[in-house]
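Morning, everyone. I have one model to walk through today. Let me put it on the screen.

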Amino acid sequence: MSTALFGEPIARREDPRLITGQGRYLDDLGGGALEAAFVRSPHAHARITDIDVGGALEIEGLVAIYTWEDLPGRVGEPLPLLIPHPALTHGRTAYPLARDVVRHVGEPVVMVVARDRYLAEDAAERIRVTYEPLPPVVGIEDAARAERLVHDDVPGNAGAHLVQEVGDAPGAIASAPHVLEFRLDIERSASMPLEGRGVYARWDADDESLRVYSSTQTSTSVRMAIAAKLGLPPVKVEVIAPDVGGGFGVKIVHPWPEEVLVPWAARLLDREIKWTEDRREHFVSAAHERAQVHFVRVGFDDEGRLLGLDVRIQHDHGAYTPYGIIVPIITSTQLLGPYKPGAYRVEFTSLYTNTVIVTPYRGAGRPQGVFCMERTMDRIADELGIDRTAVRAANFVQPGEFPYDQGLVFQDGRPLIYDSGDYPEMLRRTKELIGWDEFGDRRAEAERQGRRIGIGLACYVEGTGVGPYEGGHVEIDSGGRVHVSTGLTSQGQGHQTVFAQITASELGVPIEDVTVTTGDTRRFAYAVGTFASRAAVMSGNAIALACRKVREKALRIAGEALEADPRDLEIVDGVVRVKGDAGSSIPLRTVAVLSNPLRYAFDEETRRATQFAVGGSADTPPLTGEPGLEGEDYYSPVRSTFACGMHAAIVETDPDTAEVCILRYTVLHDCGRLINPRIVEGQIHGGVAQGVGGALYERMVYDEAGQLLNASFMDFLMPYATEVPAIETGHMETPSPLNPLGIKGAGEAGVIPVSAVIAAAIEDAEGIRVSRMPISPSELFHLRLEAESGAAELTNRARSHPAPLRRAAGEAGVRE
């Protein structure tokens, strides 16, 4: 039984319940509830001219049908724009049910409530909606041409335009000894959690209160949104996130139309109502991410040092902007990675298209930014004929330069200041882990066997622990049990384990005595949510601060009972004792009893706290301070903390089929002090798996009419376990000076640089420029044909060995 658990790789405490089928997900709840279904638009852009519900009225078990015209007051208003920004000059959000015009396939038009989901779907099929099709805008280039508009009142389809710059980048580039200019593309994808969205609501007419269960990443914010939309006091709304089968960002959006409509209908009908998203709905009516185009101009010296970098970004945010422009802001700032760019200018335009909305997906703009910067580093190395790692090393922020101010404004509205790190040491260890300097011999051996292999590397810096705050509450009961609650939600991150480790370490109690509750507004009403690799940094520190309050109170009460100075006491295995004198001690459970002076005794323990048992001075009140051995605190950072990492991979490309096989994949990661290395590795492994999907398989394919052509798992390719490589992981720890625990976030680290790594390795194997991801065997095959026919010039491969071989062909790339 250990209480010194911070930093230990203990097994996840929540797993036995989940893997034995004892989890309680949204669809496990509300067995007797009415169920909802939705009629959704089959058109990407169309005007609604008529809705005929007559055919559905014959369905036995039908309870209600609602269109936008049925929605009263605030319920019928557009959904909130969650994160306003001065640059978002033309932000637009959807109505809960479409009003007059639909702007993407899958937009909800009619809500149906019936005795069960089957009847609701039957009724929905009989509703006839008449549309007048309008010309759709599909893809970034179509949006940028602005020959057609998604919103009539948004000129140029541009929702936002933002420029940030440090120094005179155009001037620095113009005077640089070397200049490169090129285009990079990342295509649209989506997170695909195992469990889709879902809402279950019940109204208590007697109490005039509402309880809502939602598969969400932010129960407290859903609560506030529902209260605002329905005109209820927040104290009359409870929102609970049950077990959530994955989020990855898509469930941080709130309120979804269904999160407003289901509670509204439950209150109106005074019946329990549930809606569970099916897979096709998730494809066409949830959210996507990643789609961006980057136009890069870079100037550099003979050693590869950046003198000026100018990047213009076009970002596709879909039909609406409920989550603002967080994704392109992150791309434009996190693009810099661990480097000092000299002068830097970045400009982005965020464009409307008639496609599903774009909101953060694990990585949230960073994979695009890292792809841009790391491809730029490889281009510079190729141009100069030097090792790719040497170019990176020449541009690193050095350990003695922290805190390092990049001169930009980050996604939290605060300065982009890196708090700590050691990038040169990380590169040294990454090269050692992958065998970078020895790769030339391995390549030569493969070539003798007729095989093509290549090596790639990518670096990243990730802003984590964004504010504004999170809180924690800790209580020790009279049985010695420790109850911890925090407002953010869990979707598989291991919160019940890591928060218990923090608590056990701070309080000196066995971890077996600690229980953790997350995402339940009945237990903790104020929180922000789980996103942006922030849970451990934010709630972890808040819980630690709350524990320190409880510890201080426990030592004070125990000191009075033991007639000892609290400074001479310690807590070991749930017992308060005098240091060096284990015989002079008192269990924490007894301290908990003494913390609450009682008039009545309920058992032998509580007898100790009654008025004739406690005694004490007649001049001193029985209670000083608050009753109970509990504490609550909040953590609010001055700014984000910045984790970092480097990934490297060796790939093999089949000379005939152009299939790509990842032979080795290594990760070196630094998230400050590690609470639980096993959980961090699990996060990294899951992130790399999603990154492999984004690099080689996953993409959303729209046709010119705005129809999603691969809206099923039959057609949307995701990697199986057979496609995900064994991942070799190493850790560094540079503690953050910004928070009490010295920790940084880790949740998104695995996914961020994967596309950049795989692109570099394929390019190294093939000698063909790779400037668009994901890349399929078919696309690689056609790149080969273009290269062989002379339509594309071969890259001068910057080999991993000290004297890279220069190819005779020129440096211009493919697909530019």
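Look at helix α8 first. Its buried residues are Ile326, Val327, Pro328, Ile329, Ile330, Thr331, Ser332, Thr333 and Gln334. That is nine of the nine residues in the helix, which spans 326-334. Buried here means under 20% relative accessible area. So α8 is largely enclosed by the rest of the structure. Keep in mind that this is a predicted model.

How much area do domain 1 and domain 2 bury between them? About 2600 Å², with 68% of it on carbon and sulfur atoms. On the contact count, 33 residues of domain 1 meet 31 residues of domain 2. Which three residues supply more of domain 1's buried area here than any other three? Ile83, Phe248 and Phe283, with 23% of what domain 1 buries against domain 2. How many salt bridges are there between domain 1 and domain 2? The count is zero.

Stay with Phe248 for a moment. Its phi is near 60°, a positive value in a residue that is not glycine. Phe248 sits in the loop between β11 (237-240) and α6 (257-269). Its relative accessible area is 29%, so Phe248 counts as partly exposed.

Compare Ala658. This residue is not a glycine either, and its phi is positive, about 65°. Ala658 lies in the loop between β26 (641-653) and β27 (660-670). Buried or exposed? Ala658 is buried, at a relative accessible area of 0%.

Now the sheet. Four strands make an open sheet, in the order β21-β20-β19-β25, with mixed pairing. The edges are β21 (514-518) and β25 (629-635). Each edge strand has a single partner, so one side of each is left without a neighbour in the sheet. On average, neighbouring strands are turned by 15° against each other, direction ignored.

Within that sheet, β19 (residues 470-476) and β20 (residues 482-486) run antiparallel and are joined by five bridges. Gly472 stands opposite Thr486 in β20. As a reminder, side chains in a regular strand alternate between the two faces of the sheet.

Two helices to point out here. Helix α13 (residues 495-507) lies across β19, β20 and β21. Its angle to β21 is about 130°. Helix α14 (residues 535-562) packs on the sheet too, touching β19, β20 and β25. The direction of α14 makes about 145° with that of β25.

There is also a hairpin, built from β16 and β17, with five residues between the strands. Strand β16 covers residues 404-409 and β17 covers residues 415-418. They run antiparallel, with three bridges joining them. Tyr404 has Tyr418 in β17 as its bridge partner. Gly413, in this hairpin, takes a positive phi near 80°.

If you check backbone geometry, note two cis peptide bonds. One joins Gly467 and Pro468, with omega about 5°. Pro468 is in the loop between β18 (452-464) and β19. Another joins Met773 and Pro774, also with omega about 5°. Pro774 is in the loop between β29 (772-773) and α20 (777-789).

Last stop, Ala532. This residue is in the loop between β21 and α14. Its relative accessible area is 11%, so Ala532 is buried. What does Ala532 touch, leaving aside its neighbours within four places in sequence? The contacts are Gln411, Gly463, Thr464, Gly465, Val466 and Glu748. For a distance check, take Arg92. Ala532 and Arg92 are 440 residues apart in sequence and 24 Å apart in space, C-alpha to C-alpha.

That's my tour. Happy to take questions.

How values were computed: Residues are numbered from 1 along each chain as its sequence is written. This is a predicted model: local features need pLDDT of at least 70, side-chain atom pairs count only at pLDDT 80 or more; totals for chains, interfaces and linings use all residues. Side-chain values use heavy atoms; hydrogens and water are left out. Two strands pair if DSSP finds at least two bridges between them. Axes are lines fitted to C-alpha atoms, for helices over the stretch in contact, and angles run from 0 to 180 degrees between N-to-C directions. Contact means heavy atoms within 4.5 Å. Buried means under 20% relative accessible area, exposed over 50%, partly exposed in between (1.4 Å probe, protein chains only). Buried area is the accessible area (1.4 Å probe) that two parts lose on being put together, summed over both. A salt bridge is a side-chain nitrogen of Lys or Arg within 4 Å of a carboxyl oxygen of Asp or Glu.
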